[in-house]
Amino acid sequence: MSFGARARISRGAIQHNLQIIAGQSPGVRVIAVIKANAYGHGLVDVARILAEADCLAVARLSEAQEIRGAGIDTPILLLSGVTSSTELAAAVDKKLQICVHNEPQLAMLEQFGAADLFAWLEIDTGMNRLGFPPAAAQAAIRRLENCAAVGKLGLMTHFANADNIEDPMTRVQIAAFSALCGKFDGPISLANSAGHLGWSQELKVFDAFRHSGRLFIRPGISLFGVSPFPGKLGAELGLRPAMQFEAHLVALRSIAAGARVGYGGTWQAEQGTTIGVISAGYGDGYSYFMPEGTPILLNGRRVPLVGRVSMDLCTVDLGSDAREKIGDPAILWGAGLPVEEIAQYARTIAYQLVCGVTKREKRKFED
Ligand SMILES: *Cc1c(COP(=O)(O)O)cnc(C)c1O
């Protein structure tokens with residue numbers, strides 16, 4: 001066994017989370033969002049675990065090609081759509097569904113010739129990022145319906161602020177989208193994790209779509225057992241965290257009062273203590289921005305990070321009566337140390353921490 005950092009991934013947790021998410025709205029279809037290396041959990045392995053979902057979604061063509069290259073034939077939605085006719089041809093070839101979010105993409109489809117693409121017209125209902133404004137939707141729908149390359153058409157939108165249950169923005173977006181859906185008889189898609197888990201009452205306006213199997217939600221982070229809501233844990237939503245990020249204690253140092261630790265000597269011991277060196281650094285995805293005092297779980301004991309995180313290593317203060325020994329396991333986040341909590345220390349979101357786990361160490365998949 002190597003002492004390097006590694007991400008341990010639970011297949012059972014991902015399957016459980018998919019069931020919890022789908023089970024909350026009978027009839028709903030799930031587009032499992034696994035962009036960015038499946039939020040750091042490992043793209044192809046996670047695609048296999050989720051192969052029974054109605055559809056997978058990724059942000060980049062290369063990710064979709066990697067999944068197809070592994071022999072997985074679950075439908076895949078390409079969230080960013082395509083940027084050239086070469087990419088469009090590749091999407092047709094790999095049987096991808098594509099988002100159409102701007103005029104050049106729409107024009108490209110019109111010029112492509114006959115195909116049987118499943119295209120999703122993205123409507124910008126207030127996020128002001130991707131998509132056609134609602135006022136342009138009917139014209140774009142008509143053009144896509146008359147487009148020889150398009151065999152099936154869906155309508156989609158994306159929430160900007162669904163993780164904030166106090167913010168009326170989501171209600172405004174739902175109203176804008178449902179006004180367009182009234183006259184639409186194809187499939188529709190909305191609701192990221194926070195939208196689905198936090199706004200189920202408001203989403204009832206789409207029940208006719210749900211009951212006819214035409215409502216597709218797009219959960220990402222929740223599939224991995226992580227909460228999309230600030231101040232709330234995945235476990236409180238009935239989800240099971242899928243990733244444990246772990247390393248080992250690789251060295252111990254007794255230092256005297258006044259001694260400094262690590263690059264820049266930014267931390268100085270107030271009294272004699274034992275420093276533990278852990279085999280995880282920013283080269284593994286344990287951020288340089290983790291501040292002093294961030295807890296690491298060593299043999300079930302929370303010990304504080306001290307000094308700067310370096311590329312392969314970080315250091316903790318074990319105190320003067322340390323009993324730890326070289327080789328002891330350390331948990332950076334996982335059982336007993338939720339990634340949502342560590343994200344607060346690093347002043348970031350749990351999404352960034354799990355996505356940031358690098359490819360240096362192989363993921364270890366377990367049931
Ligand atoms: C990333 C993404 C999602 C998933 O969002 P989560 O917050 O991870 O559930 C859904 N839809 C689109 C368009 C996305 O880009």
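What volume does the second largest cavity have? In this predicted model, the answer is about 30 Å³. Residues are numbered from 1 along each chain as its sequence is written, and side-chain values use heavy atoms, with hydrogens and water left out. Because the model is predicted, local features need pLDDT of at least 70 and side-chain atom pairs count only at pLDDT 80 or more, while totals for chains, interfaces and linings use all residues.

On a 1 Å grid over the protein atoms alone, a cavity is a set of points where a 1.4 Å probe fits but cannot get out. A pocket is an open set with protein on both sides within 12 Å along at least five of seven lines, and lining residues have an atom within 4 Å of a point. Points are joined across faces, edges and corners, and a volume is the space filled by probe spheres set on them.

The search of the whole structure turns up 2 cavities of 30 Å³ or more. The largest cavity holds about 50 Å³, and its lining includes A5, R6, A7, F245, D284 and R363. By class, that lining splits into 4 nonpolar, 1 polar and 6 charged residues (Ala, Val, Leu, Ile, Met, Phe, Trp, Tyr, Cys and Pro count as nonpolar, Asp, Glu, Lys and Arg as charged, and the others, Gly among them, as polar). Around the second largest cavity sit E122, I123, D124, T125, G126, M127, L130, T157, H158 and Q173, which come out as 3 nonpolar, 5 polar and 2 charged.

On to the pockets. The largest pocket has a volume of about 990 Å³ and a lining of 42 residues, with K35, Y39, N192, I349 and Y351 nearest its centre. Of these lining residues, 21 are nonpolar, 11 polar and 10 charged. At least two residues each come from α2 (35–39), α9 (193–198), α11 (339–345) and α12 (350–355), and α11 gives the largest share, with 4 residues. Helices (H or I, at least four residues) and strands (E, at least two) are DSSP runs, numbered from the N terminus.

The second largest pocket has about 260 Å³ of space. Its 13 lining residues include N37, G42, L43, K359 and R363, which lie nearest its centre. Two or more lining residues come from each of α3 (43–49) and α4 (61–69), with the largest share, 3 residues, from α3. Here the classes are 3 nonpolar, 3 polar and 7 charged.

Now the ligand. Among the residues around the ligand are V33, K35, Y39, L79, H158, N192, S193, R218 and Y351 (near means a heavy atom within 4 Å). Polar contacts are pairs of N or O atoms within 3.5 Å; within protein, one must be able to donate a hydrogen and the other to accept it, and residues adjacent in sequence count only if both atoms are side-chain atoms. Y39 places a polar side-chain atom 2.5 Å from a ligand oxygen, and S193 has a polar side-chain atom 2.5 Å from an oxygen atom of the ligand. The protein covers 90% of the 390 Å² of accessible area that the ligand has on its own (Shrake-Rupley method, 1.4 Å probe; for residues, only the protein chains shown count as cover).

As for the strands, 8 of them close into a parallel barrel in the order β2-β3-β4-β5-β6-β7-β8-β9 (strands pair if DSSP finds at least two bridges between them).
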